[in-house]
Amino acid sequence: RSSRHEASSVRAEVEGEMKEWQARGKERRVVAEALEYWEEYWLQFDDPEMMRLFNFELQHYRSFDPDADDYELEHTRLHEAYRSLFEAVCESHLRARLDCTPRRFVEVLRADLASSDPPRRRKAADFLDIVDKVDSFQRFAESMRAAARSARWLDEPD
């Protein structure tokens with residue numbers, strides 16, 4: 001009886017270690033998979049969640065004058081709305097496609113930033129750069145102005 005109990009105890013321990021190993025493997029991939037998707041998010045045009053971001057940009061980029069040096073209060077409000085939308089889309093992506101909560105993702109991201117593995121650190125830093133592009137008003141506004149400049153160039157007659 002005790003040898004059966006010992007065997008089942010060892011089996012449970014091994015199964016527990018396997019689950020933990022699988023979870024760590026998944027965690028190592030989650031930042032890379034998120035980066036793979038978000039790094040070239042403009043290619044995700046078939047994703048309805050991403051379309052929300054694209055539509056926001058399309059709806060508002062013309063309010064940014066590409067030749068102006070200052071910004072209006074409305075631009076700050078647009079940035080706040082875009083940032084909130086990005087957070088919602090990102091959270092939805094993490095949960096639906098990567099089975100990860102935002103809190104857990106941040107924990108994994110921090111671990112990857114502190115990793116001794118240079119590719120993991122680089123991917124985590126690259127993902128944070130994407131977030132910074134959304135979080136920074138200056139980077140957001142410049143992106144919208146660039147879109148307005150491009151649209152103006154496309155609208156000009158030959």
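One definition before the tour: the expected span of a helix is 1.5 Å times one less than its number of residues. Take H3 as the example. Helix H3 has 26 residues, and from its first C-alpha to its last it reaches 37 Å, close to the 38 Å expected.

Please keep in mind that this is a predicted model. The protein chain averages a pLDDT of 82, and 77% of the residues score at least 70. Where pLDDT is low, the predicted coordinates should not be read in detail.

Now the overall layout. The protein chain has six helices and zero strands. Along the sequence the pattern reads α-α-α-α-α-α. Of the 158 residues, 29% count as buried. If we take the contacts with a separation of 6 or more, residues 24 or more positions apart account for 69% of them.

Back to H3. Which of its residues are buried? The list is His75, Leu78, His79, Tyr82, Leu85, Phe86, Val89, Cys90, His93, Leu94 and Leu98. One of these, histidine 93, has a relative accessibility of 6%, and it counts as buried because the cut-off is under 20%. Leaving out residues up to four places away in sequence, histidine 93 touches Ala34, Tyr37, Trp38 and Leu98.

H3 also packs against another helix. Two packed helices are described by the angle between their axes and the distance between the axes. For H3 and helix H5, residues 118-135, the angle is about 145° and the axes are 9 Å apart. On the H3 side the contact is made by His79, Tyr82, Arg83, Phe86 and Cys90, and on the H5 side by Phe127, Ile130, Val131, Val134 and Asp135. By type, the residues of this contact divide into seven nonpolar, one polar and two charged.

What happens to the backbone just after H3? There, aspartate 99 takes a positive phi of about 50°, and this is a residue other than glycine. Aspartate 99 sits in the loop between H3 and H4. Is aspartate 99 buried or exposed? Its relative accessible area is 60%, and the cut-off for exposed is over 50%, so aspartate 99 is exposed.

Next comes helix H4, residues 102-113. At 1.5 Å a residue, its 12 residues should span 16 Å, and the end C-alpha atoms are 16 Å apart, which agrees. The buried residues of H4 are Phe105, Val108, Leu109 and Asp112. Seen down the axis of H4, these buried residues fall within an arc of 105°, so they line one face of the helix.

Alanine 124 lies in helix H5. With a relative accessibility of 0%, alanine 124 counts as buried. What does alanine 124 touch, not counting residues up to four places away in sequence? The answer is Val31, Leu109, Asp112 and Leu113. Alanine 124 and alanine 32 are 92 residues apart in sequence, yet their C-alpha atoms are 7.7 Å apart in space.

That is the end of the tour.

Conventions
Residues numbered from 1 in each chain as written. Predicted model: local features only at pLDDT ≥ 70, side-chain atom pairs only at ≥ 80, totals over all residues. Heavy atoms only, no water. pLDDT = per-residue confidence, 0-100. Axes fitted to C-alpha atoms, helices over the stretch in contact; angles between N-to-C directions. Helix = DSSP H or I, 4+ residues; strand = E, 2+ residues; numbered from the N terminus. Contact = heavy atoms within 4.5 Å. Nonpolar A, V, L, I, M, F, W, Y, C, P; charged D, E, K, R; others polar. Buried < 20%, exposed > 50% of the residue type's maximum accessible area, 1.4 Å probe, protein only. Arc of directions from axis to C-beta.
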